[in-house]
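Please look over the protein shown below.

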Amino acid sequence: MYSCGSIHKFLVYSLGLLFVLGLPINQVSAQEINIRAGQADLQLRSLIREPVALDGRWLIYWDTLLSPQQLARGTDLTPDTLYFPALWNGKMIAGRKRNGIGKATYRLQIRLDQAPDTLLGLFLPDFYTSYKLWINGKYFAGNGEVGTSKQTTSPHWLPMVKAIEEHHPQLDMVLQIANYHHMKGGLAESIMLGAHTTLAKQLNERFFFIFLILGLFLMTGFFLLAFWYVGQREDGILYFSLFCLVHSYYLVGSEHYPLHHLFPNLPFALTVRLEYLSLYWSLGLYWQVTHRLFPDLVKKQYTRILTWICVLYSIWTVFGPVYGFSHTLRPFLALILFSLIFGGWVFVKSMLRKDGTKTYALIGFAFLTVMSIYSIGDNIPLWQVNTFVEFTTYLGFLLFQSMQYVSQFALRHQTTAETAAAANRAKSEFLATMSHEIRTPMNGVIGMADLLSKTPLNAEQSEYLKAIMSSGQNLVSIVNDILDLSKIEAHKMSLEKRMFKLPDLLQETAGLLQEQAQEKGLEFVVDLQKDLPAFMIGDPIRIKQILLNLLSNAIKFTAEGQVVLRTSCQMDSEVNGQLLLQVSDTGIGMSENQLSRLFEPFTQAEPSTYRKYGGTGLGLAITYRLVKMMDGEIWVQSELKQGSLFSVQIPCRLAQPSLDKAGSELQENQRIVTPMLAGDHPLRIMVAEDHPVNQQLMQAVLRRLGYEAALVENGRSAIDAFEHQGYDLIFMDVQMPVMDGVSATRYLRQALPEKKQPVIIAMTANALRGDRENYMAAGMDDYLAKPVQISQIEEMIIKWSYRLRSKSEKIKP
């Protein structure tokens with residue numbers, strides 16, 4: 001945001017430059033002429049080069065309407081002279097002070113130094129009610145009907161440029177004006193004489209800028225109104241949009257009245273009322289805008305009073321006579337002047353406060369102030385509005401006022417985003433804490449149950465143990481589902497791209513659920529395409545997760561019959577294709593209503609489904625999101641009591657296997673379950689774990705594999721133990737007292753030379769997205785999420801035993 005000083009400099013320089021450059025532009029420049037007693041001598045060459053304002057002392061016949069023929073025959077009336085243009089209001093004419101109501105005939109005789117050889121023209125501004133003009137005895141132009149009373153006079157406002165087809169060196173102009181409707185009588189603006197093309201061009205340019213300003217106001221008004229309607233329900237935006245729309249009529253329904261040129265037959269009584277109403281409500285609505293922008297400076301009671309004044313003026317304008325409400329315009333102009341002075345005070349107070357959030361509104365107000373003063377001066381009249389200044393001030397006002405609302409929206413959006421980010425961080429921290437707190441005791445439950453399953457048990461004990469392990473795995477599965485869903489919704493889950501063997505993945509996935517299907521007496525069929533590609537590139541873990549969710553659901557909701565997994569691949573090119581996975585069952589099926597909300601999180605097909613079958617309703621929601629992340633599609637066909645068919649189609653890429661000898665040997669050895677692993681893979685192992693049950697579990701697991709591991713309770717003790725007696729492999733818990741596992745790992749990596757570096761495996765209940773990456777960045781070699789099982793410990797030992805052996809061979813002299 002700008003500082004208070006920079007705003008001040010910007011306003012001074014901008015507005016100063018505006019007036020210096022703007023005032024000469026588009027202004028009708030005129031040669032000086034001398035009109036006395038209704039006579040004027042002009043040079044044609046100067047007139048063609050530069051239009052002239054026919055300002056001076058015209059002859060006037062008050063209280064009578066004389067035609068050119070009557071003047072030519074002669075009249076007993078003695079004319080007065082009156083400066084033209086001028087309003088009659090307050091003038092001493094024919095011996096008495098006038099109030100604007102009446103009729104009069106003007107006359108001006110112009111002598112040119114030569115007969116015109118080009119087309120001359122007149123610019124005729126709007127007369128306040130009606131007029132009729134003759135040149136050299138011929139009717140030339142008029143507005144409305146000129147009469148001798150209110151009943152015989154019909155007012156109309158329509159400025160125009162009209163060509164003079166006379167090619168005579170003398171122009172005898174007779175002008176009749178009658179006013180019985182408006183408070184103002186006479187004429188406030190100059191009649192211009194010059195080349196017709198020049199005058200027409202100037203008026204067209206004036207109309208062009210007015211319609212350009214109109215477009216700016218309408219565009220801004222409708223845009224902000226739509227902005228408010230679609231959700232940004234802020235009163236300030238609504239009132240400013242209405243201000244733009246209301247003021248847009250004032251632009252085309254006043255001054256040169258371009259709207260009347262588009263619709264020349266608009267009734268005077270309607271247009272004059274709309275002009276005044278648009279002025280009143282422009283002021284009233286802008287007070288509402290400024291009150292919303294500066295509520296502590298523009299008090300609500302002030303705004304309410306001014307709004308009621310506008311309402312009363314509006315009622316008077318709608319139902320009162322034109323003469324009546326036009327007579328009360330000047331007090332309203334005083335109210336506008338007061339508003340400008342009060343607005344200046346608000347401007348200064350806001351500047352002194354250095355409130356950066358209102359910067360654009362203050363700049364916009366400065367532009368509007370210039371325009372308002374300019375319009376008041378034109379209305380009094382002190383001057384005529386300059387097109388360039390008018391356009392620039394309006395543009396600056398709309399631009400900066402709109403920027404104020406955009407900046408407010410951006411600030412609110414930023415605040416909302418920061419609040420959402422804080423809430424998201426709080427949610428992530430909560431999930432991390434809950435995950436850790438649940439996984440830590442479950443590590444002991446499942447681990448001990450896993451150890452117990454390796455001991456001799458009778459049938460009843462095996463059944464009980466099986467229930468314990470199943471319940472524990474279900475609880476861990478629920479935690480994993482919630483974490484997966486939170487990662488996906490936070491856009492923090494990424495997909496791997498690595499080679500895997502598709503048939504092995506399918507058979508392994510089916511094997512995990514084969515026993516579950518057999519227990520329910522279901523036929524479990526795996527139907528693979530004969531020429532199914534062997535090796536693919538993708539994320540095997542997430543593909544396996546999708547299949548497990550679909551297959552486990554199919555088995556869960558099928559009481560009898562079969563569950564079938566079908567897989568095929570359709571190639572689009574030599575390496576790219578579409579992998580189709582289909583899971584069908586003969587289970588309970590679903591209705592159309594159930595299908596419509598199937599992939600929503602925490603949703604079951606029916607409330608009774610949860611009570612009968614259990615589950616969180618997250619599996620399919622996660623499956624749907626994973627498929628979408630892979631740029632795939634998932635769809636369902638199902639009927640009640642007729643079973644279901646889930647189809648998943650995801651893009652795939654073929655790969656050629658390229659495994660080194662060590663990698664092949666490792667994959668083969670990972671499938672070996674060795675009761676006494678230490679004989680084949682002798683390692684010195686340390687376990688850094690603060691939880692007593694998990695200490696007992698790890699000691700029992702490693703003892704079963706043939707290792708006597710050292711146990712420590714924190715990272716500081718792990719460093720001391722390693723310095724006292726080196727170890728090959730450390731299972732390092734992350735959250736421990738005194739010193740955590742990450743800090744201990746960093747210390748060991750920095751303090752030890754490469755040849756003495758141990759393998760450090762993070763063994764933690766922290767399983768959120770990014771945890772693994774953070775631990776790897778800290779120097780850990782691998783990662784195990786609790787709860788862990790014997791097979792996982794065994795695989796880690798085998799994997800890193802080969803790596804340690806290969807490393808030691810490389811560093812031998």
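Aspartate 63 is partly exposed, with a relative accessible area of 38% (buried means under 20% relative accessible area, exposed over 50%, and partly exposed in between, with a 1.4 Å probe and protein chains only). This aspartate forms a salt bridge with arginine 96, and the closest N and O atoms are 3.9 Å apart. A salt bridge is a side-chain nitrogen of Lys or Arg within 4 Å of a carboxyl oxygen of Asp or Glu.

The model is predicted: local features need pLDDT of at least 70, side-chain atom pairs count only at pLDDT 80 or more, and totals for chains, interfaces and linings use all residues. Residues are numbered from 1 along each chain as its sequence is written, and side-chain values use heavy atoms, with hydrogens and water left out.

- Helices (H or I, at least four residues) and strands (E, at least two) are DSSP runs, numbered from the N terminus.
- Arginine 96 counts as partly exposed, at 45% relative accessibility.
- A network of salt bridges links Asp63, Arg96 and Arg98.

**Other salt bridges**

- The structure holds 13 salt bridges.
- One of them joins the side chains of arginine 684 and aspartate 728, at 3.4 Å from N to O.
- This pair also links distant parts of the chain, 44 residues apart: arginine 684 is in the loop between α19 (661-670) and β21 (685-688), and aspartate 728 is in the loop between α21 (715-724) and β23 (729-732).
- Arginine 684 is partly exposed at 42% relative accessibility, and aspartate 728 is partly exposed at 21%.
- Arginine 749 and aspartate 781 form a salt bridge through their side chains, at 2.6 Å from N to O.
- Here too the pair links distant parts of the chain, 32 residues apart, with arginine 749 in helix α22 (residues 741-751) and aspartate 781 in the loop between α23 (771-777) and β25 (782-785).
- Arginine 749 counts as partly exposed at 21% relative accessibility, and aspartate 781 does so with a relative accessible area of 27%.

**Cysteines**

- How many disulfides are there? The count comes to zero, where a disulfide is a pair of cysteine sulfur atoms within 2.5 Å.
- The sulfur of cysteine 569 has its closest cysteine sulfur in cysteine 652, 3.6 Å away, which is too far for a bond.
- Cysteine 569 is buried, with a relative accessible area of 10%.
- Cysteine 310 is also buried, at 0% relative accessibility.

**Leucine 548**

- Leucine 548 is found in helix α15 (residues 540-556) and counts as partly exposed at 25% relative accessibility.
- Leaving aside neighbours within four places in sequence, leucine 548 is in contact with Thr509, Leu512 and Leu513; contact means heavy atoms within 4.5 Å.
- Leucine 548 and leucine 512 are 36 residues apart in sequence, and their C-alpha atoms are 8.5 Å apart in space.

**Backbone angles**

- The peptide bond from phenylalanine 84 to proline 85 is cis, with omega near 5°.
- Proline 85 is in the loop between β4 (80-84) and β5 (92-93).
- Alanine 37 has a phi near 50°, a positive value in a residue other than glycine.
- Alanine 37 lies in the loop between α1 (4-22) and β1 (39-42) and is partly exposed, with a relative accessible area of 42%.
- Aspartate 631 is not a glycine either, yet has a positive phi of about 65°.
- Aspartate 631 lies in the loop between α18 (619-629) and β19 (633-639) and counts as exposed at 64% relative accessibility.

**Overall make-up**

- The protein has 24 helices and 25 strands.
- Of its 813 residues, 49% count as buried.
- Among contacts between residues at least 6 apart in sequence, 74% join residues at least 24 apart.
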